[in-house]
Amino acid sequence: MDGQPEPLLFVIAYTFTQLLYLLSMGIDLYFFSLPTNWVDMSEAKDLKEGDYPFIILFYPVLKEMESTMRTTFQSLEKVEYPRDRFKVISIPNANDLETIQSLENLQKEFSFLEILQVPSISDESWNLVWDAWEKNPKAYWWHVGKYAKRKDLPPKKTRQLIYAFYHVAKQFEGKEDFLVNYIDADSCIPTDHFLAGAVGIRHYDVLQATNIAGNLNATWAASFHAFDHLQWDIRKYPHLSANGKHPFWVLGKALFYKGSDLLFVGSFHPWIAIEDPEVGMRLWMNGKKLGIINKPVIEEVPCTFHRGIVQRKRWVCGFFQTLTEPLTRLGMTPYQKFLSWLNFIPCLSLWVNSIGLPIGIWQLILWLEGRGGLPLWIIVLSIFNISLYFLLLISLYISVWKNTALVLNSWTARLWYIIRINPLFSLFWGLFWLIPIWIGYRMYAGEGGLVWDRTQKVDANAKLFKNNFLSWFKRK
């Protein structure tokens with residue numbers, strides 16, 4: 001090997017990228033090393049009268065298509081749970097007249113549907129919320145910081161959930177505890193979703209179902225948006241349960257809280273773009289443990305790259321907002337803050353593979369041809385990184401192949417999906433993520449993301465019901 005030594009600056013830069021590359025994969029391995037607390041659905045057969053907690057499913061909506069909501073209610077209509085032990089309450093804003101009209105139309109088809117309109121913030125019925133927060137120091141945003149005592153809550157999903165939760169909790173006061181569940185406008189739940197809540201809540205304090213996209217082959221953009229959920233929601237996220245040893249987030253839909261726990265911690269933080277990560281960590285800091293429901297809820301993902309950016313920039317903004325001041329307000333130690341930031345690193349580091357792998361392979365080829373000028377130990381590091389990457393990649397695609405069977409009932413459709421998100425194209429997808437990361441950070445720096453920048457739903461999963469998909473999904 002008689003390659004000329006590379007300039008020192010290049011060696012330093014290359015070594016840095018390979019170490020960063022190694023770090024990102026090391027964090028993945030850390031997550032996979034954590035145990036997963038699954039809800040054991042075999043216990044469902046042992047449930048007796050009195051074992052079914054009352055479930056309130058909130059359905060926050062904003063300017064939704066009637067057909068999208070109908071598809072969701074079709075899944076709810078088939079839920080296997082005592083009818084007198086749950087309520088489905090849609091919570092539109094009182095000024096969203098078109099959506100309210102659609103919901104009233106749907107009430108004629110679905111008798112279980114109730115509607116609770118969320119009034120403007122000036123309505124006196126909000127006093128119930130202000131009084132509860134005044135008495136609860138765990139609702140720290142009300143007591144300290146720049147948002148203390150501010151009542152002009154941002155008009156978004158979180159505000160709707162806050163209002164509905166406190167008013168429903170008032171109805172249960174002095175009676176029984178209840179489980180809080182909520183889903184998005186496009187969510188389709190498995191028939192045993194509520195049963196999973198009844199089983200899991202006997203062992204855990206918070207339950208989270210995984211998510212999978214039903215329209216993953218609709219467009220190339222939808223395929224990659226769905227790929228994010230297959231990588232994180234289904235594959236990595238369950239390890240956050242970790243026997244209660246790691247700070248957990250929730251996924252923003254298809255989860256169960258105990259109403260008493262949510263009251264105890266002050267419900268949801270209204271001044272963060274997304275409520276999911278902060279409320280999960282607040283519950284964790286108060287000793288609550290997470291259980292994972294294995295069967296996923298089906299959702300739709302954006303069908304264009306632009307809409308995907310709109311959605312993901314809001315996520316990124318919310319992650320940054322959550323991982324700064326709130327961690328201190330929650331009383332986290334430096335180590336707990338470090339663990340909390342680890343939850344965000346897989347998102348922040350998606351682009352690292354897109355850079356580290358190609359230049360690693362390039363330098364390895366040069367070295368094999370005798371034209372490389374890097375020290376041997378750096379080449380060994382590159383070989384190790386490439387080998388580890390391909391092992392993780394094989395594991396990922398095996399998982400994708402297995403889980404796409406939940407929403408694609410032919411091997412040809414699953415193969416076509418694998419082709420769409422092949423390893424080469426996925427490297428470009430990692431670079432694409434830099435766009436919402438940058439926009440989301442700018443939103444965070446400018447206090448953005450507080451107004452509901454909604455992800456448009458297009459009833460993409462209606463065909464699952466036309467193909468009698470739900471009964472097939474039940475058997476899985």
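This is a predicted model: local features need pLDDT of at least 70, side-chain atom pairs count only at pLDDT 80 or more; totals for chains, interfaces and linings use all residues.
In soluble globular proteins, nonpolar side chains tend to be buried together. In this model the largest nonpolar core comprises 109 residues, and those with the most contacts inside it are Phe 58, Trp 133, Phe 178, Tyr 257 and Tyr 417. Helix α16, which covers residues 376-403, supplies the largest share of this core, namely ten residues. Apart from this core lies another, of 37 residues, among them Tyr 59, Tyr 81, Leu 179 and Tyr 204.

The surroundings of Trp 133 can be given in detail. With neighbours within four places in sequence left aside, Trp 133 is in contact with Ala 139, Trp 141, Trp 142, His 143, Leu 153, Ile 162 and Tyr 166, and also with Gly 266, Ser 267, Phe 268 and Pro 270. Under the same exclusion of residues within four places in sequence, the contacts of Gly 266 are Trp 133, Asn 136, Ala 139, Trp 141, Tyr 166 and Arg 282. Between Gly 266 and Leu 195, which are 71 residues apart in sequence, the C-alpha to C-alpha distance is 27 Å.

Arg 282, a contact of Gly 266, is one of the buried residues of helix α10, the others being Asp 276, Pro 277, Glu 278, Val 279, Gly 280, Met 281, Leu 283 and Trp 284. Since nine of the ten residues of α10 are buried, this helix is largely enclosed by the rest of the structure. Helix α10 is followed by Gly 287, for which phi is positive, near 85°.

Two packed helices are described by the angle between their axes and the distance between the axes. For helix α10 (residues 276-285) and helix α11 (residues 305-322), the axes come within 8 Å and cross at roughly 35°. On the α10 side the contact is made by Pro 277, Glu 278 and Met 281, and on the α11 side by Gly 318, Phe 319 and Thr 322. By residue class, this contact of α10 with α11 divides into three nonpolar, two polar and one charged. Helix α11 is itself mostly covered, with 15 of its 18 residues buried. From its first C-alpha to its last, α11 reaches 25 Å, which is close to the 26 Å expected at 1.5 Å a residue.

A similar check was applied to helix α8 (residues 220-236), for which the 17 residues should span 24 Å at 1.5 Å a residue; the end C-alpha atoms of α8 are 23 Å apart, and the two values therefore agree. Helix α8 is also mostly covered, since 16 of its 17 residues are buried.

Aromatic rings form 46 pairs in the structure. In one of them, Trp 232 and Tyr 237 are arranged edge-to-face, with 6.3 Å from centre to centre and 65° between the planes, and both Trp 232 and Tyr 237 are buried. Elsewhere, ring pairs link Trp 249, Phe 319, Phe 320, Trp 341, Phe 344, Trp 438, Tyr 441 and Tyr 444 into a cluster; Phe 319 is also among the residues of α11 that make the contact with α10.

Most residues other than glycine have a negative phi, and most peptide bonds are trans. Lys 63, however, is a residue other than glycine with a positive phi, near 50°, and is placed in the loop between β1 (54-60) and α2 (66-77). Lys 63 counts as exposed because its relative accessibility is 57%, the threshold being over 50%. Ala 254 likewise has a positive phi, near 55°, and belongs to the loop between α8 and β6 (255-258).

Finally, Val 352 lies in helix α15 (residues 350-368) and counts as buried because its relative accessibility is 4%. Not counting residues up to four places away in sequence, Val 352 touches Leu 20, Tyr 21 and Ser 24. The C-alpha atoms of Val 352 and Gln 107 are separated by 49 Å, the two residues being 245 residues apart along the chain.

How values were computed:
Residues are numbered from 1 along each chain as its sequence is written. Side-chain values use heavy atoms; hydrogens and water are left out. A nonpolar core is a set of buried Ala, Val, Leu, Ile, Met, Phe, Trp, Tyr and Cys residues joined through side-chain atoms within 4.5 Å. Buried means under 20% relative accessible area, exposed over 50%, partly exposed in between (1.4 Å probe, protein chains only). Helices (H or I, at least four residues) and strands (E, at least two) are DSSP runs, numbered from the N terminus. Contact means heavy atoms within 4.5 Å. The expected span of a helix is 1.5 Å times one less than its number of residues. Axes are lines fitted to C-alpha atoms, for helices over the stretch in contact, and angles run from 0 to 180 degrees between N-to-C directions. Ala, Val, Leu, Ile, Met, Phe, Trp, Tyr, Cys and Pro count as nonpolar, Asp, Glu, Lys and Arg as charged, and the others, Gly among them, as polar. Rings of Phe, Tyr and Trp (its six-membered ring) pair if their centres lie within 6.5 Å; planes under 30 degrees apart count as stacked, over 60 as edge-to-face and the rest as tilted.
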